[in-house]
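Here are a few friendly notes to read alongside the model.

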Amino acid sequence: MKVLVVGAAGQLGHAISAHLAGEHEVVAATRADVDLTAHAAVLEFVQRVAPNAIVNCASYNNVDGAEDNQRLAFAVNAFVPRTLAHAAEALDAVFIHYSTDFVFSGTARQPYAETDLPEPQSVYAQSKLVGEWMAADCRRHFVVRVESLFGGRQARSSVDRIIDAVRQGVEAPVFFDRVASPSYIDDVAGAAAHLLGGSASFGLYHCVNSGHATWLELGQEIARVLGRSDASLKPVSVDEVKMRAPRPRFAALSNQKLAAAGFTMPTWQDAIARHLHTGAPS
Ligand SMILES: NC(=O)c1ccc[n+]([C@@H]2O[C@H](COP(=O)([O-])OP(=O)(O)OC[C@H]3O[C@@H](n4cnc5c(N)ncnc54)[C@H](OP(=O)(O)O)[C@@H]3O)[C@@H](O)[C@H]2O)c1
């Protein structure tokens, strides 16, 4: 299969391009190849590449910045998926698009399922939700919600920052009242390969590692695996930290639908251990 990965210079795009290259002919496109907000240029670019599948890893991810840059957030997060969905549809190609747990309000008490009603609380979250709807303009689409990605080559995520702090012996502030189910990039890439395999029904999937934890518990597990009983984890409350855009407090997602479609995501503890033993830069 010929797979066009866009946003290939980003954390997820880089990992997915590398993972799929073992099995497929991958065209990894970055901003230097095409500005994805240039609708006509994108249609022309996709026609020229003529892929059997498009994987969209591009995004405007500045959650706080989106509050002041609504046009850019919607251009990249909502209208780019629309353009790519139309380009994929014209080629009868599969379209994989990534979204976020932020589409939910975070007031639930149990992990969100794909059938739960989104209630985006910020401009970023609204733009990503509209992007999900736009992606469905391609009949053969997968919309894949991920959360707190970690293990990318740039190591910029919250999980990676906690790992760095614990390793360096510096204090790491961690929320004791925010719950997450993070997504290890290697596992997300494995899930993408599975979805391209053709056995799963098209539609919406949650792709997070199994289980959930507070950020304090995540930090404690990182310290335990690294053997750093001296780790300085500073418990903080969401209420103490001023953020421009609200974040969901309870952001656990259920990955049962993906499991039923044949891809079981390992537990977050297993993912952190694999990352720490193989991938994390020290
Ligand atoms: N990171 C997380 O923790 C997280 C959490 C939940 C959901 N997600 C979702 O997961 C997906 C992947 O996220 P990520 O963290 O891998 O993103 P990332 O590292 O920020 O990469 C995004 C990529 O999109 C590219 N891009 C943005 N606008 C573009 C444009 N107009 N034309 C061409 N390329 C453009 C960027 O290129 P430049 O580098 O040139 O700007 C960048 O390489 C996104 O859909 C995101 O919303 C991520």
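1. Ser59 places a polar side-chain atom 3.1 Å from an oxygen atom of the ligand. Please keep in mind that this is a predicted model. On the nitrogen side, a polar side-chain atom of Asp35 lies 2.9 Å from a ligand nitrogen atom. The protein covers 81% of the 910 Å² of accessible area that the ligand has on its own.

2. Now for the wider shell. The ligand is surrounded by 24 residues, and the closest are Gln11, Leu12, Arg31, Lys128 and Arg156. By type, the shell holds 11 nonpolar, 8 polar and 5 charged residues.

3. Which element gives the largest share of the shell around the ligand? That is β4, with 3 residues. At least two shell residues come from each of α1 (11-21), β4 (94-100) and α4 (123-135).

4. Helix α2 (residues 39-49) deserves a look too: its buried residues are Val42, Phe45, Val46 and Val49. These four lie on the same side of α2 because they cover an arc of only 95° around the axis. The cover over them includes β1 (2-6), β2 (25-29), β3 (53-56) and α3 (70-91).

5. On the face of α2 turned away from the buried side, you will find the exposed residues Ala40 and Arg48. Do check the backbone just after α2 as well, where Ala50 takes a positive phi of about 50°.

Conventions: Residues numbered from 1 in each chain as written. Predicted model: local features only at pLDDT ≥ 70, side-chain atom pairs only at ≥ 80, totals over all residues. Heavy atoms only, no water. Near = heavy atom within 4 Å. Polar contact = N/O pair within 3.5 Å; in protein donor to acceptor, adjacent residues only side chain to side chain. Areas by Shrake-Rupley, 256 points an atom, 1.4 Å probe, with all protein chains shown as cover. Nonpolar A, V, L, I, M, F, W, Y, C, P; charged D, E, K, R; others polar. Buried < 20%, exposed > 50% of the residue type's maximum accessible area, 1.4 Å probe, protein only. Arc of directions from axis to C-beta. Contact = heavy atoms within 4.5 Å.
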